[in-house]
Each structure stands twice: as structure tokens, then as C-alpha cells.
Amino acid sequence: MDIFSPTKRSEVMSRIRSTDTKAEVRLRKALFARGLRYRKNVRQLPGTPDIVLPKHRYAIQVRGCFWHAHDCSRANRPASNTGYWLPKLARNVERDLKSDEALRQLGWRVRIVWECEISSAKSLATVATSIASELQSGAPGGVA
Ligand SMILES: [Zn+2]
């Protein structure tokens, strides 16, 4: 049984959606503070990466744990209407894998940042610093 009524559920879902956006914004700010300059939501690239550093051929995808079915407690799968949600989430995951692969094929480094990885100020700082140093060293992109 879902703990939420359908109306409540869609309200919760829309809140989760805006949380995704918030995670992106937080990461962008943290990168900007480290002197990195980027482009946002680049439609010309597979999967429309959230944050792109063209000079480094480095793309960052910030993924919401729910929408992209992260294997963490934050993902909180809906318990009702699973016939609708599970295939939908599975399609998202499949699309993610394809677009990440397509980007790599084009010679881009792809860094996946999960919402839960940057949920605290401290973890956000850690991730942003690791991205900044990866760019400096030219080392291969992080593992998803
Ligand atoms: Zn997560």
C-alpha cells in the first residue's frame, strides 16, 4: 500500500522533481565558487548534460535518486501503482545508460553525481573539489 493518496502522491512527486533541480543548482554554485565555468543543459549532446565544461570535454549529469532509480534509501520507490512507476523508472535508467555511453563514444568524460552524494554542505564540497581536481589533472572521469 502506498502511504499517500494519488493526489498527495503527485504532489510529493512534483516536489521530488524540483529537488533534482535544486541539487543541480547547488553543484553549479559550488563549481563556480571553485573558478569553474560551464554551460548548462547542453541539448546538442546526448542526454542533455546538466553541466558541461567544453574545454575539458567533461560532462556532469546530476541525477535525482528517485527519478533515476538510484540504489539508495533516498530513492524511496512508490509502493502503489507500481505497474506505472516501475517501467517508467526502468526506462529512465535505460535512457541514462545509453546517453552516458553515447557521450563517452564522442570522447567526453562523464561524471554522474547523485542527489544523495551532495545532500549535505560537506559532501557537496567534497564532490565539487574532486571534480575540480579531476579537471586539473586531466584524469579519467569518475565512476558512476
Ligand atoms: Zn541516491
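Visitor: Which side chain meets that of Asp96 in a salt bridge, and how far apart are the N and O atoms?

Guide: Side chains of opposite charge can pair when their charged atoms come close. Here the side chain of Asp96 meets that of Arg63 in a salt bridge, at 3.5 Å from N to O. This pair links distant parts of the chain, with Asp96 in helix α2 (residues 82-105) and Arg63 in strand β3 (residues 58-63), 33 residues apart. A salt bridge requires a Lys or Arg side-chain nitrogen within 4 Å of an Asp or Glu carboxyl oxygen, while helices (H or I, at least four residues) and strands (E, at least two) are DSSP runs, numbered from the N terminus. The model is predicted, so that local features need pLDDT of at least 70 and side-chain atom pairs 80 or more, whereas totals for chains, interfaces and linings use all residues. Residues are numbered from 1 along each chain as its sequence is written, and side-chain values use heavy atoms, without hydrogens or water.

Visitor: How many salt bridges does a search of the whole structure find, and where do Glu24 and Arg28 lie?

Guide: The search finds 5. Glu24 and Arg28 form one, at 2.9 Å from N to O, and both residues lie in helix α1 (residues 6-33), 4 residues apart, or about one turn of the helix; both are buried. Glu134 also pairs with Arg111, the closest N and O atoms being 2.9 Å apart. That pair links distant parts of the chain, from Glu134 in helix α3 (residues 121-137) to Arg111 in strand β4 (residues 109-114), 23 residues apart, and both of these residues are buried.

Visitor: Which residues coordinate the zinc ion, and what is the geometry of its site?

Guide: Ideal angles for four tetrahedral donors are 109.5 degrees. In this model Cys65 (SG), His70 (ND1), Cys72 (SG) and Cys116 (SG) coordinate the zinc ion at 2.0 to 2.4 Å, donors being N, O and S atoms within 2.8 Å of the metal (3.2 Å for Na, K and Ca). The angles among the 4 donor atoms are 102 to 119 degrees, and the site is tetrahedral, a label given to four donors if all angles lie between 85 and 135 degrees. The donor residues are spaced C-x4-H-x1-C-x43-C in sequence.

Visitor: Why does His70 count as buried, and why does Cys72 count as partly exposed?

Guide: His70 counts as buried because its relative accessible area is 17%, whereas Cys72 counts as partly exposed because its relative accessibility is 22%.

Note on methods. Buried < 20%, exposed > 50% of the residue type's maximum accessible area, 1.4 Å probe, protein only. Tetrahedral: all angles 85-135°; square planar, octahedral: opposite > 155°, others 65-115°.
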